[in-house]
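Hello,

Here is the structure I promised to hand over. Have a look at it first, then read my notes below.

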Amino acid sequence: MDFETRAIHEGQQPDPATGAITVPIYQTSTFAQEAVGETKGYDYARVSNPTRTALQLCLASLEGAEHGVAFSSGLGAVTTLMHLVNPGDRVVAVADVYGGVYRMFSQVYEPKGYDFSWVPAEELNANAAEHIDERTRILWLESPTNPVLNIIDIRAVAEAAHAAGAMVVVDNTFASPYLQQPLQLGADVVVHSTTKYLGGHSDLIGGFAATNDPTIAERLLFLQKSLGAVPGPFDCWLVLRGLKTLAVRMRKHCENAHAVAGYLNEHPRVPQVLYPGLPTHPGHAIAARQMRDFGGMVSILLESEEEAVAFCASTKIFQLAESLGGVESLIEHPARMTHASTAEAPFAAARELVRLSVGIESAEDLVEDLESALVRSAATAGA
Ligand SMILES: *Cc1c(COP(=O)(O)O)cnc(C)c1O
């Protein structure tokens with residue numbers, strides 16, 4: 001079945017008890033047993049819950065995965081994955097990972113004796129093998145990266161990693177499985193913040209990991225119940241509901257982002273537009289090969305930090321807020337907001353960088369909003 005059909009039906013038979021078309025929110029912590037140890041497949045809701053099961057089946061299918069494991073947040077998924085490795089092991093990560101992942105790796109796991117090396121995207125694309133040694137257990141990738149939208153050749157890096165016996169994890173939050181399926185490109189594990197495009201309505205926090213490797217899957221399910229970063233049934237239900245419209249939403253996000261990037265790229269007050277859909281973007285050819293379309297995120301570099309900050313406060317439709325991937329357009333200043341925790345990192349977000357999460361409103365309205373905001377911010381910043 002096609003993606004759109006699986007997004008609506010996979011793992012979601014009408015409720016056996018009542019015929020309810022929509023998977024119910026099983027808001028319960030425990031399940032009655034007929035006799036000691038005799039259950040209907042569920043015993044305690046940290047271990048499993050039918051609403052969560054439906055989500056795991058559906059989203060795994062969308063990633064082309066045999067196994068899916070849901071978490072309470074994207075970072076809940078990441079910290080659980082870190083329990084696949086041990087102190088002394090090395091993780092090689094693309095340098096510009098999500099700020100919260102950088103904070104976790106550098107301030108939680110590094111002090112415990114885990115070893116990290118940070119490699120820029122273009123260097124990974126050119127020479128991945130040179131950065132992987134015998135202690136390297138995980139290659140941690142994001143593509144497109146957050147917030148500068150670098151593109152990694154997932155297939156090429158996965159080949160280099162596997163040749164050295166390392167496992168490849170891809171954070172697919174920015175693309176969503178509609179645009180990119182890392183497991184098909186050779187990744188071993190795909191991880192998500194479902195908070196973003198998968199939920200799609202800025203109304204929940206959630207995470208997910210999927211894999212085709214039965215040994216990894218078994219361990220992740222064990223870690224899910226043992227570490228306990230599990231999502232509640234209502235949050236699972238919200239993600240399930242979001243998945244039903246993922247394909248149509250992503251098509252509109254991409255269409256609007258193309259319009260916004262094209263407009264900004266011609267604007268004299270915008271020195272640089274970072275969008276993999278632009279033919280001038282260094283990752284354009286790789287993105288065109290491994291993604292269905294180029295996504296809904298657009299970043300721009302303005303003349304100065306002052307102008308960037310003024311611009312963020314000048315839009316009316318684009319709301320000034322962290323996060324991304326919802327139906328509504330958002331704008332933010334990574335250096336002071338989402339990526340403040342990378343300020344000390346060698347790849348700290350540029351002070352003049354602005355990140356746009358382009359929503360699914362009217363493209364004309366969005367372009368007009370940016371147009372007036374550029375006029376207002378130029379005035380505020382005294383340009
Ligand atoms: C938001 C985000 C995360 C963290 O997810 P939470 O749901 O906020 O815990 C991880 N990776 C990327 C790329 C993100 O955008």
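Let us start with the sheet. It is open and has five strands, in the order β8-β9-β12-β11-β10. Their pairing is mixed. Keep in mind throughout that this is a predicted model.

Which strands stand at the edges? They are β8 (272-274) and β10 (319-320). Each has a single partner strand, so one side of each is left without a neighbour in the sheet. As background, strands of a sheet pair through backbone hydrogen bonds, either parallel or antiparallel.

Strand β11 covers residues 330-332, and strand β12 covers residues 353-357. The two pair in the antiparallel sense, over three bridges. To locate the pairing, pick L330: its bridge partner in β12 is S357.

Now look for the helix on this sheet. Helix α12 (residues 305-312) lies across β9 (297-301), β10, β11 and β12. Helix α12 runs at about 25° to β12.

Next, the ligand. How many residues surround it? There are 14, and the closest are L75, D171, S193, T195 and K196.

- G74: a backbone N or O atom lies 2.9 Å from an oxygen atom of the ligand.
- L75: a polar backbone atom is 2.9 Å from an oxygen atom of the ligand.
- K196: an N or O atom in the side chain is 2.7 Å from an oxygen atom of the ligand.

Last, two helix pairs.

Helix α10 (residues 246-265) packs against helix α13 (residues 363-380). The angle is about 35°, and the axes are 10 Å apart. This crossing of α10 and α13 is right-handed. From α10, the contact is made by K252, N256, A259, V260, Y263 and L264. From α13 come A363, L366, V367, L370, E371 and L374.

Helix α2 (residues 50-62) and helix α9 (residues 233-244) make the other pair. Their axes come within 9 Å and cross at roughly 35°. Here α2 passes α9 in a left-handed crossing. On α2, the contact residues are T51, R52, A54, L55, C58, L59 and L62. On α9, they are P233, C236, W237, V239, L240 and L243.

Best wishes

Conventions:
Residues are numbered from 1 along each chain as its sequence is written. This is a predicted model: local features need pLDDT of at least 70, side-chain atom pairs count only at pLDDT 80 or more; totals for chains, interfaces and linings use all residues. Side-chain values use heavy atoms; hydrogens and water are left out. Two strands pair if DSSP finds at least two bridges between them. Helices (H or I, at least four residues) and strands (E, at least two) are DSSP runs, numbered from the N terminus. Contact means heavy atoms within 4.5 Å. Axes are lines fitted to C-alpha atoms, for helices over the stretch in contact, and angles run from 0 to 180 degrees between N-to-C directions. A residue is near a molecule or strand if one of its heavy atoms lies within 4 Å of it. A polar contact is a pair of N or O atoms within 3.5 Å; within protein, one must be able to donate a hydrogen and the other to accept it, and residues adjacent in sequence count only if both atoms are side-chain atoms. A crossing is left-handed if the near helix is turned anticlockwise from the far one by less than a right angle, and right-handed if clockwise.
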